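Subject: Structure handover

Hello,

Here is the structure for you to look through. My notes on it follow below.

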Number of protein chains: 4
Amino acid sequence: MQKPWEGRFKEATDKFVESFTQSVDFDKELAPWDIEQSMAHVKTLLSAGLLSQEEAQSLLQGLQELQKEVLQGSFEFRRELEDVHMNVEAELISRLGEVGGKLHTARSRNDQVVTDERLYVKDGVREVCRLLGEVRRRLVELAEESIDILLPAYTHLQRAQPIRLAHYLLAYREMFLEDERRLLQAYRSADALALGSGAVAGVDFPLDRFYTAELLRFNRLCRNSVQATADRDYLLDLLYACAVCGMHLSRLAEDLILWSTEEFGFVELPDRLCTGSSIMPQKKNPDLLELIRGKAGRLYGNLVSLLTVLKALPTAYNRDLQEDKEPVFDSLKTLKGSLEGMSLVLEGIQFREDRMKSASGGLALMTDLANYLVLKGLPFRQAHRLVGSITAYLLERGKKPEELSLEELRRFSELFEEDALRLLDPQVSADRKGTYGGTAKEEVLRRLQVAKREEGIP
Amino acid sequence: MQKPWEGRFKEATDKFVESFTQSVDFDKELAPWDIEQSMAHVKTLLSAGLLSQEEAQSLLQGLQELQKEVLQGSFEFRRELEDVHMNVEAELISRLGEVGGKLHTARSRNDQVVTDERLYVKDGVREVCRLLGEVRRRLVELAEESIDILLPAYTHLQRAQPIRLAHYLLAYREMFLEDERRLLQAYRSADALALGSGAVAGVDFPLDRFYTAELLRFNRLCRNSVQATADRDYLLDLLYACAVCGMHLSRLAEDLILWSTEEFGFVELPDRLCTGSSIMPQKKNPDLLELIRGKAGRLYGNLVSLLTVLKALPTAYNRDLQEDKEPVFDSLKTLKGSLEGMSLVLEGIQFREDRMKSASGGLALMTDLANYLVLKGLPFRQAHRLVGSITAYLLERGKKPEELSLEELRRFSELFEEDALRLLDPQVSADRKGTYGGTAKEEVLRRLQVAKREEGIP
Amino acid sequence: MQKPWEGRFKEATDKFVESFTQSVDFDKELAPWDIEQSMAHVKTLLSAGLLSQEEAQSLLQGLQELQKEVLQGSFEFRRELEDVHMNVEAELISRLGEVGGKLHTARSRNDQVVTDERLYVKDGVREVCRLLGEVRRRLVELAEESIDILLPAYTHLQRAQPIRLAHYLLAYREMFLEDERRLLQAYRSADALALGSGAVAGVDFPLDRFYTAELLRFNRLCRNSVQATADRDYLLDLLYACAVCGMHLSRLAEDLILWSTEEFGFVELPDRLCTGSSIMPQKKNPDLLELIRGKAGRLYGNLVSLLTVLKALPTAYNRDLQEDKEPVFDSLKTLKGSLEGMSLVLEGIQFREDRMKSASGGLALMTDLANYLVLKGLPFRQAHRLVGSITAYLLERGKKPEELSLEELRRFSELFEEDALRLLDPQVSADRKGTYGGTAKEEVLRRLQVAKREEGIP
Amino acid sequence: MQKPWEGRFKEATDKFVESFTQSVDFDKELAPWDIEQSMAHVKTLLSAGLLSQEEAQSLLQGLQELQKEVLQGSFEFRRELEDVHMNVEAELISRLGEVGGKLHTARSRNDQVVTDERLYVKDGVREVCRLLGEVRRRLVELAEESIDILLPAYTHLQRAQPIRLAHYLLAYREMFLEDERRLLQAYRSADALALGSGAVAGVDFPLDRFYTAELLRFNRLCRNSVQATADRDYLLDLLYACAVCGMHLSRLAEDLILWSTEEFGFVELPDRLCTGSSIMPQKKNPDLLELIRGKAGRLYGNLVSLLTVLKALPTAYNRDLQEDKEPVFDSLKTLKGSLEGMSLVLEGIQFREDRMKSASGGLALMTDLANYLVLKGLPFRQAHRLVGSITAYLLERGKKPEELSLEELRRFSELFEEDALRLLDPQVSADRKGTYGGTAKEEVLRRLQVAKREEGIP
């Protein structure tokens, strides 16, 4: 197999080197975008007078055929041709003859691969955002369905205060909304045409790069050919966005795994989303959620991987950059899977309202007592200490706050009156948190309306 | 020392636990912002009728005094008070008496610390952006000064093609511009008021959070109290932006370190920016650049550190989150230092034009020959191979391309004519790269004009 | 302030550069080891005839005085002297005059700093191992005390099978034993004398490095001066060992945090180890454990930080390597704190035997039923499926396995006989796991004996 | 397709869940070891009386057949069977009938997968160590061949002092020797039998685990069934060892890439190990070395990935742990490739002795002058400063030290005599570094002899 660059070389490439340095095993994933790019490149060459109408026609037709084969999976990639670019070019030459050799005019693999990746990332982000939107919409729907369910919010994994389940669900919706913002930022980073930057210095020919950008639907051009071929920021932005989203998913998964324990018993997952044990017949495991949680690992690892490659790398293109692809392919695939999995969970999950409710009272209401005293004029710090003593009193006697009599309360402070007892109800407690962003029903309903509007839910 | 929360506890806190869990050793850095926040909180409590005019007045005055002492460095922080918040509150109570105990009304450390950090990040980003802008402007000025200097662009650290130094410098300016975009994104993430979220569920009192936001110059409110206290996205965004900027700096530093070797000899650093060896009297080392390169390590480490803390962390606040501060303080400080150092380098650096020029000719011009043939109608792939053979011919004879005669050229292809020889000049080569983003003088000057305008350079 | 290397320089060092590149702010932590090293160096120089008896005497006395001041904290470090080494040398010269200038004979900061660090790491590891040993011994003691406590082992955070608490505790003891192995490996990596390697090439003078090694209690010599000054493996080994130990601690902490929730209720932490909330009077939070869990973040970050610094760093010494110190100081300090904290937890923790016991029966016993059938000759896979059906039967009826009658069992398989019912007891279940490493009392006692012997517990 | 655990389940597994949670796509790589393990398990079951001779015979024969098909690549794995273990078992049952269902007696996938991985790691380490040994031996051979070649050692990438190339090469051999130590540590971590630990609690049947260990050539047993199924230290140790070795390779690669630049010109790589450019006909790029350097990225990423998965993971087995495999497979494959590539480089590389030699003189000799003065009695610090001034003098005049006359020298110090001039020769300089580990020929030859002995080179 002839190498396209072998003119200067006196020895054939070592077989191991060929296999170690080839990237076609994984960059063939870029083939559809590579061919799309080549078609735009042909049109640009034509417009610059570097190809005749006939030549362009022939090339475009050849490329279209290859595209079809690639999409059908019938195109055969050959490792000795190094990468997806040379595979496409070599096949084109073998089919079309000499004219195929004109495709690489005014182009280097250095600007070509970046252009492929940028197209790929843009499409990948679109798909991830679609799946992320589904998760968010499902959270909003669940929130609407569960507006009257109370559960304890936890801090330090200790019951803190009663909140509405809807409030909890909308908290994750907020985080996933930020994830979309980060993903779209990666999209915008990627949305610049690199083609026309050549190997590093730009190209010798009068290409109309704005025309190419239009053909490939890029919003702007890379403004500097050195930066365009040396830089991988748009991939970092993507890997970072995926890592953070994966982290959010790992936290939600952790909560749901906890909630599906026998001990919490807040949720029940449908059998179809669980798997069993090879040895313990009773087991029904939330494997799906565990994997979603664990996959934060590879998302973090992929980010570290590319950051490491780029650290102190001399300008401009170095072959080290070939290592940019697998982490990106993997992070996109992983995140898509995790999002799809989380959607399924949110569709199938059953909340056990009774268990949640019964856990949301008790000591989780003590802050309300303290705030009661504040409204009676006691400085908060004193109120806090005083209610701390009531707590100690309850713990000693194994008593619940709901069981306190007014008389008992008044032993601690004469500020307590009849209405204090009414506070000792999770629902009352929740509904007192009525400021913007709080867990009161009225306020959660307001946030819910906004969320529905933002998500386009009627 | 009394703990503010000790009412419920029957034992004093263990001394080791006190020292291990305290954060005041480092979070005292937040004190100015913590006090600023408390002043806004007092005004909000006043407006909600939770403080009388007199009480508010007294608290504000007390806080102002503390602020003064903090800024002067005379405020004494005590570890047994756990953190910056409790230090400020305790001091206030000890000075003002009972009214001091009203400060923490309708507030939890969970929303308070986030508000401090958000204020801190916003100010930190502003300062980093200022220093980053200086680096960018210096790059633009240097580019303008060096518009006629040529050097070889390297790919694979092999001389690739001649480019203008200005073109190289503007490439880094592009990357640093993207860094600003990432930093401002972190700013926007941070720019939301968390106060009013309470411990997790919101607050019981009718606070006007929009008023607080206005006082503290936040652009929007955190919309969900659970998310507001559980989430640390705005810190991740910052750590990520710092890591990427540090990576860019590490690459620029690597180039400049290479260029200041005896072997490259492209630049000379002034003595004042270098240090010597404790043992080798002749050494003049680019330590400043080496440290800038090395500091990518801690910037990456800080990002990994917080990502790790957040992985699978149950909702909402957990004490693990206390680990969010040191990485952020360190990354901001580190990046500021690296940027300031790079500015100094770019101010003092001398480019050795002769050495750069003489390195930019030779084989780096071969692509131009290939492109010449393309313009004569030869398919690029054939032209490439043919010029590869010329290269082999030159290497065998130890000859430079500039020394080729037309006759020799024509032995390889009859398409070569007299004008081909004119190509063998780095300046001609560079100036042929005239498409958008290329290295031709005219085009670089155009980019330079845009850059000057964007940087506000007259 | 004169720089020791300024002979070759024509400008004073820039103030910012001085401050950015100095390391004395943190490497002063190495001072005691630096001075110890210098004393050994003086003796070696004396033995090589490079110092007279008098000179050596004077230097040793001077160093002793400095050491005293360093240990008392009265030595004043000056930033403009760059690092701990130059601070010590400069002070010595200022006190002793000319002879002080002989200290740096046949030594470079490049071999000096590595020697300091190696001494520091060795002492640090010793201390960490002592604290780790305490944790392990406490686990063993707890195991002995709790040999009759049963709890459910969890897989997928679902109750799996009953085990002995002692068995659980000894599992962590195994992991912490492996951590000691890793730490000692770091110790052995560090245990080689670098001094005598000079700046990179070795030294010109006939130093007896074996003598120096003996004085400083190094077990061997670095065998190659280039490697000795370029390499930081011994620090990576330490950072890695700390990271893994921190990971184990994070898992144990996670379990204990879960167990101390209201929902699990398996353990009670003493008040002295918990802290409260600034706002919620009832809260008693396991902050200590949460911080231990969270500190995995910085331990991971420190490892990534140094790995990043070293990636693709040219041979040999580069100033980037100055970034090796803070991660190491921080990881040692962090791990010591986490271990000390975990010791306290294991001393104060109360296990709630009743709650554990009552959670360890029920469906967690179903595997025993399947195994019963296997012993009756049914292939395991069929037995598993059959008992799966019994599980489904129980779940439908909301029945516990202990409530099954023989008759009911025999509806599923006639292989069941009277003795099957006896299996439905957590203790019977646990004690059936009698193979090596299993949870049967007899076997756990055997492992416990081995553990006590290994830990030197009588 | 029936799931082996479906008895308890009322719904079929969701198709997406099946595909997302299956691991057979990658864990099929473990198949040979899985079957080997099953054969040992059958023998152990037989010895425990849990299988009859006939049953065991039938199972062993069935497994042998499957092994053959696996090794030939003809075994067909099915995703709906989740993982390699269930694929093997299901196929066995389909071929052998009921007896196949006895294979999983007294075994869980939790102890099975760990046993597979441990076997896999042991074999993987053996192979990596073989390749690493080749690299080391090649370094030793090269060192022997190049004993008389001098080059400048660099610190701060500035020429520091002349050293022997052999000394440089042996420095990397030292590092790679430490890598072997780390890899063997991973081997020892892995070398413990997990089988017999069951799902978490041990097994109900009287298995002779020592017999199994002997059959599978494990050196010891996992001593605690909880630890055995929860822990992944042996994988971390491997990923860490690979990361550090990859770091060393990245540094050596960086040096060689620098040395193969036009500017350094210290080495020439054979054409067969280089690749060309798709656009620049003159390019001959050290892609192989660049990839070796870049692959540090994925090796670091894989380590971070698994560390992340394990952070705060509840005890014992969780499905997150399925994420442990791909990083391990990838790191082993990557490191093998990088080592094989480095071996090829070290076989084909040509050192350009003249260029190295001519770079090793000049100012790199100034330390020798300072040391000369020390031997004349001048305190080193003064000598250093004085020679610093000579350096400044030379730089001003653009003179080389070799061009200094005695007279000029004496203008700086009267201590200089005729023999001082003899020092100004790289070879003299190098050979003066004669202490243990220094670069003097005699000493390097001594180290070389040791190295040859250690590597078994005659």
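C:Ala316 sits in the loop of chain C between helix H12 (296-310) and helix H13 (325-348); helices here are DSSP runs of H or I with at least four residues, strands are runs of E with at least two, and both are numbered from the N terminus. The peptide bond joining C:Thr315 and C:Ala316 is cis, with omega about 0 degrees.

This is a predicted model, in which local features need pLDDT of at least 70, side-chain atom pairs count only at pLDDT 80 or more, and totals for chains, interfaces and linings use all residues. Residues are numbered from 1 along each chain as its sequence is written, chains are lettered from A and ligands numbered from 1 in the order in which they are written, and side-chain values use heavy atoms, with hydrogens and water left out.

Chain B has a cis bond too: the peptide bond from B:Thr315 to B:Ala316 has omega near 5 degrees. B:Ala316 is in the loop between helix H12 (296-310) and helix H13 (325-348) of chain B. B:Ala312 is also found between H12 and H13 of chain B. B:Ala312 is not a glycine, yet its phi is positive, about 60 degrees. With a relative accessible area of 6%, B:Ala312 is buried (buried means under 20% relative accessible area, exposed over 50%, partly exposed in between, with a 1.4 Å probe and protein chains only).

In chain A, A:His156 has a positive phi of about 55 degrees, although it is not a glycine. A:His156 lies in the loop between strand E1 (150-155) and strand E2 (158-164), and A:His156 is buried, at 6% relative accessible area.

As for chain A as a whole, its secondary structure comes to 20 helices and 6 strands. The radius of gyration of chain A is 30 Å, well over the 23 Å from the globule rule for 458 residues, so the chain is more spread out than a compact globule. That radius is taken over C-alpha atoms, and the rule is 2.2 Å times the number of residues to the power 0.38. The C-alpha atoms of chain A fill a box of roughly 100 × 55 × 45 Å along the principal axes. Of its 458 residues, 73% count as buried.

Chain A superposes on chain D by a rotation of 180 degrees with 0.0 Å of shift along the axis (RMSD 0.0 Å), fitted by least squares on the C-alpha atoms of residues with pLDDT of at least 70 in both. That is the relation of a two-fold axis. In chain A, the C-alpha nearest the axis belongs to A:Gly301, 2.0 Å from it.

Regards
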